[in-house]
Amino acid sequence: MYQSTEKLYKIFKLEAEFNYQNKAVVGGLEKYTESWVGEARAEGMDEALIQRVSRILKTYNALPVEQRAGSLKEIGQILDVAGIKHLPDSPAETPQPEPSRQAPAKKPAPKQPAERKPRGSSTKRQSGSAPLPVSDALQGLKAPTTIIRGIGDKQAELLAKLGLNTVEDMLYNFPHRYDDYSQMKLIQDIKYGEEVTILAYVKSVKTFKTPNSQRKITQALVSDDTGAIQLMWFNQEYQMRYLRKDMFLSISGKVEQYMGRLVMYHPEYEQVDQQQLNTNRIVPVYRLTAKLSQRWLRRTMHNVMSYWAPKIPDFITEYILADADLMDLSTALMQIHFPDDKSSLGKARYRIAFDEIFLLQLGVMRQRQDWVSLESRSYEVSDDWLAKRYASLPFELTGAQQKVLADIRQDLISGHPMNRLLQGDVGSGKTIVAALGMGIVVQNGAQAAFMAPTGILAEQHYASLKRLLASDDEDSFLHENEIRLLVGDTPASEREEILAGLADGSVKILVGTHALIESPVNFKDLQMVVVDEQHRFGVAQRAALREKGENPHLLVMTATPIPRSLALTIYGDLDLSVMDEMPAGRQPVSTHILYPTERERVYTLIKSQAAEGHQAFIIYPLVEQGENEDRMAAVEEQERLQKEVFPHLRVGLLHGRLRPDEKETVMKQFRDKELDVLVSTSVVEVGVDIPNATVMLIEGANRFGLAQLHQFRGRVGRGGDKSYCILIPETKDAAENERLLAMESTNDGFVLAEHDLNQRGPGEFLGTRQSGYTNLRLANLTDIHLIEKAAQYAKKVFENDPDLKAPEHQLMLNALNQFWPGGEGDLS
């Protein structure tokens, strides 16, 4: 093809995008005719042919809009007859214009230039975009980036800093944002602050220094028939090598002002007859590292996508693609990097997000299946036995507690190991339900263990279990000496006695920290384990637990309510029980936000509560001030409070830098009422039970997450007395903090959990359940509609082919194993 003709067709394509409004070139097609005629003659095109084309071009503007597409098609037919073939997507085959501007037709993938084979490899290089066999395509994705044209060892080293080591890494290196330069405008129509694309000729280019800063400025004046605008670059003299007078450019950027005139600073530009990756479209913007330019990476990414995206086999079956109305994977990858329009970008992002949730769900289902496929012993008690236990309690169980206990009873007679997550707000009575579950197992002659995250919490649970389950009556099924406590400071002689009792079965229930699943501790017949605060119980602990007994039943408890979307995904391998009802007599904690200037009011409240025999917590975000002298910290404030504010009260100090035994000592002092006020950092967040505490003062409250704040509040109000939670932010303005306002508005932990998930993401809820979640690039774990849709299809696949052995599921199995390295699918 003649170069002049190729340029002509590109202008035709641009004119089609403008809906045939004669705006593709400045001055219209008739003005461009003379320039084109000169180029065509210089290339030796037949004069008669030139005249036929030019006559049509000169009359283009006079035609009604609805006839203009036909005139361009006529030029295409004339050139075809003459043996000058048009481009595949030429407007010579463009349909008549619609009333509104249409998005350009999707371009066929450009041909990938030949790629270098990896050093030391004898594999033949691929070229073009012909489909590869699936095995070759999957193997090619693991090839190093150096096989890609334009990437040598130096560029590969730079890409490696971004975590891009293979072809697959490049394909899934999604833009972190997009610049929308798809809105083409005339210069006369642009306004300050807009991001636009214009088509204009370069009128002049120059470089000069500013008088004061000595910065070198490259300035280009560009114009169309409607106006002119300056383009400016600072300290980029090399632009002079690329910009020439009379160049016809596509220019994209933000419209700014300089000395009252419109300008564009550092705009993107390309010649109109070049492939447009940086202007006149939605432009991807990638993460960079030093010595990598955005234009180079964008061009390289386009090379990769054009060659590899069409070759990627789709692991989602055709049925799901059609039924769920999903974009195919190859198209989605191309569109997510170089979208044709916003609609295509949205569909591409949705497809990738669907894939991630779909694979997450399959992994969760596989983990659940692995656990459920195990067999375990059944444990059953009569209703009369349970009624006696109810009667011995000093309170009546709530409806929620009774429902959860029914779930646990059903698990224990199922013949499969229990794998249940019990979520209940602070003070909802989870411990009594867990105790009765362990009682059922012990009544049948087996052993149970209760694991707490800290020694002080283990002591609290030990006291509770003895009170709830044990008695020295002759007809009691459990005696006090059959429940034992094993923590770090248990004396050696007592430790040996406990270990012996576990081995011979005389110790029925062991309470302790996670140390009780370590090697020296051996049970005769461990059949149930209760884990308090599941955030601290991970894959390694579960594996060790399995070795302690024969597929023991597992009940994990958390005071952090789990939002529904997470319950369906990262906690989907567990059976969930919810306790959303508080025991009778529990008063809601009165929560208030105060300004820093109102601090004295809280001190007065603490003094009055202490005078009535109650205690108070004061929480600070920092241990010590260090260089942050403007922020309050626990060490300095405890000293000030003791000397200046509460000289007649006993003020203790607790923080994470204390040794474990020091922390235990301070907490015991507070529990035993040897301290009136406890100054602390966030280490009191979990499970400390001080029924006598009625005031929780949180300083720098805006520094804490919503889940943390709710846990702090749960430390008070555990007795029957009126309790208070006071939130004091660091500044007056921070009093309007969204999290603090949410805390003040409700005591409902589930409402706050949803709020926290939407505001801060799922990190607060993950704990050790990180596997799988870390592979989510686009999926949003707050998108309940997407999660439910992906879960629906994952469930169908899993029910029909749980091992993914069917031929149509082999690519899906490969994707699943890659998403879950090692194939274990263990989320906990």
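Guide: In this predicted model, His809 sits in the loop that joins α26 (784-800) to α27 (810-819). With a relative accessible area of 9%, His809 is buried, because it falls under the 20% limit. Apart from neighbours within four places in sequence, His809 is in contact with Thr317, Val797, Asp801 and Leu804.

Tyr793 belongs to one aromatic cluster together with Phe354 and Phe358. The structure holds 14 aromatic pairs. Among them is the pair of Trp233 and Tyr269, which is edge-to-face, with 5.8 Å from centre to centre and 75 degrees between the planes. This pair links distant parts of the chain: Trp233 lies in strand β4 (residues 227-234) and Tyr269 in strand β7 (residues 268-271), 36 residues apart. Both partners are classed by accessibility. Trp233 is buried at a relative accessible area of 1%, and Tyr269 likewise counts as buried, at 10%.

The loop between β4 and β5 (248-258) contains Asn235. The phi of Asn235 is near 55 degrees, a positive value in a residue other than glycine. Asn235 counts as exposed, since its relative accessibility of 51% is over 50%. A second residue with a positive phi is Lys291, where the angle is near 80 degrees and the residue is again other than glycine. Lys291 is placed in the loop between β8 (282-285) and α8, and at 80% relative accessibility it counts as exposed.

Helix α8 itself (residues 294-308) has 15 residues and reaches 21 Å from its first C-alpha to its last, close to the 21 Å expected at 1.5 Å a residue. Of the 15 residues of α8, 13 are buried, so the helix is largely enclosed by the rest of the structure.

Helix α22 (residues 706-713) packs with helix α23 (residues 738-745) at an angle of about 35 degrees, and their axes are 10 Å apart. The crossing of α22 past α23 is right-handed. On the α22 side the contact is made by Leu706, Leu709, His710 and Arg713, which meet Arg739, Leu740, Ala742 and Met743 in α23.

Conventions:
Residues are numbered from 1 along each chain as its sequence is written. This is a predicted model: local features need pLDDT of at least 70, side-chain atom pairs count only at pLDDT 80 or more; totals for chains, interfaces and linings use all residues. Side-chain values use heavy atoms; hydrogens and water are left out. Axes are lines fitted to C-alpha atoms, for helices over the stretch in contact, and angles run from 0 to 180 degrees between N-to-C directions. Helices (H or I, at least four residues) and strands (E, at least two) are DSSP runs, numbered from the N terminus. A crossing is left-handed if the near helix is turned anticlockwise from the far one by less than a right angle, and right-handed if clockwise. Contact means heavy atoms within 4.5 Å. The expected span of a helix is 1.5 Å times one less than its number of residues. Buried means under 20% relative accessible area, exposed over 50%, partly exposed in between (1.4 Å probe, protein chains only). Rings of Phe, Tyr and Trp (its six-membered ring) pair if their centres lie within 6.5 Å; planes under 30 degrees apart count as stacked, over 60 as edge-to-face and the rest as tilted.
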